[in-house]
Amino acid sequence: MTEHDQLPLPDYDHLPVQGLISRIRTLDATGLQTLLEYERAHADRLQVTIAMENRLTALRAGAEPSGGDPAAPAADDPVAASTGSKVSEATSGPPVNPPSQGDPTNPAQPRSTG
């Protein structure tokens, strides 16, 4: 069985289904067969396995892999979180005290320390 790190598509398990389906077009029959076996042994998503089976049939009938690098970032890749927060003293709003329990018209009062 193929290990996750040996798959022809990097980070395979985290690719969205639509992005995955478009990326399998870049693979040859051997790479696609490897992914299909991995998919069946793990998630076994019907939509993905059908797409892979159909593409594998097309490749065996003479279709060619499309151009492109299957490892290249795509528009549908998950976006990494930006570094740092844009919130600062200058951009944050005033402090908010929630209303006291039970009466939303009664503003919250500071707690006494006593």
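**What the labels rest on**

Reply: The chain has 3 helices and 0 strands, and the model is a predicted one. Read from the N terminus, the elements go α-α-α. Of the 114 residues in the chain, 21% are buried.

Me: Let's start with leucine 9. What makes leucine 9 count as buried?

Reply: Its relative accessible area is 1%, and buried means under 20%, so leucine 9 gets the label. Leucine 9 sits in the segment before helix H1 (17-23).

Me: And which residues have the most contacts inside the largest nonpolar core?

Reply: Leu9, Tyr12, Leu20, Ile24, Leu32, Leu35 and Met52, in a core of 16 residues. Two elements give two or more residues to this core, helix H2 (29-41) and helix H3 (46-60). H3 gives the most, with 5 residues. As background, nonpolar side chains in soluble globular proteins tend to be buried together.

Me: What does leucine 35 touch, leaving aside its neighbours within four places in sequence?

Reply: Leucine 35 is in contact with Leu7, Pro8, Leu9, Tyr12, Ile24, Leu27 and Met52.

Me: Which residues of H2 are buried?

Reply: Gly31, Leu32, Leu35, Leu36, Tyr38 and Glu39. Down the axis of H2, these buried residues fall within an arc of 165°, so they line one face of the helix. H3 is among what covers them.

Me: Why do the buried residues of H3 count as lining one face?

Reply: The residues in question are Val48, Thr49, Ala51, Met52, Arg55, Leu56 and Leu59. Seen down the axis of H3, they fall within an arc of 160°, so one face is what they line. Their cover includes H1 and H2. On the face turned away from the buried side, H3 carries the exposed residues Leu46, Asn54 and Thr57.

Me: What comes with a positive phi after H3?

Reply: Glycine 62, with phi near 115°.

Me: On to charges. Why is the contact of glutamate 39 with arginine 45 called a salt bridge?

Reply: The closest N and O atoms are 2.9 Å apart; the cut-off is 4 Å, so the pair qualifies. Glutamate 39 is buried, since its relative accessible area is 1% and the limit is under 20%. Arginine 45 has 26% relative accessibility, so it counts as partly exposed.

Me: How many salt bridges does the structure hold?

Reply: The structure holds 2 salt bridges.

Me: Are arginine 40 and glutamate 53 buried or partly exposed?

Reply: Partly exposed, because arginine 40 has a relative accessible area of 41% and glutamate 53 has 32% relative accessibility. The label covers values between 20% and 50%.

Me: Last one: what makes tyrosine 12 and tyrosine 38 an edge-to-face aromatic pair?

Reply: The search of the whole structure finds 1 aromatic pair. Tyrosine 12 and tyrosine 38 are 5.7 Å apart, centre to centre, with 85° between the planes. Centres must lie within 6.5 Å and planes over 60 degrees apart count as edge-to-face, so both parts of the label hold. The pair links distant parts of the chain, tyrosine 12 in the segment before H1 and tyrosine 38 in helix H2, 26 residues apart.

Me: How do you know that tyrosine 12 and tyrosine 38 count as buried?

Reply: Tyrosine 12 is at 1% relative accessibility and tyrosine 38 is at 6%. The label needs a value under 20%, so both tyrosines count as buried.

Note on methods: Residues numbered from 1 in each chain as written. Predicted model: local features only at pLDDT ≥ 70, side-chain atom pairs only at ≥ 80, totals over all residues. Heavy atoms only, no water. Helix = DSSP H or I, 4+ residues; strand = E, 2+ residues; numbered from the N terminus. Buried < 20%, exposed > 50% of the residue type's maximum accessible area, 1.4 Å probe, protein only. Core = buried A, V, L, I, M, F, W, Y, C linked by side-chain atoms within 4.5 Å. Contact = heavy atoms within 4.5 Å. Arc of directions from axis to C-beta. Salt bridge = Lys/Arg side-chain N within 4 Å of Asp/Glu carboxyl O. Phe/Tyr/Trp six-rings, centres within 6.5 Å; stacked < 30°, edge-to-face > 60°.
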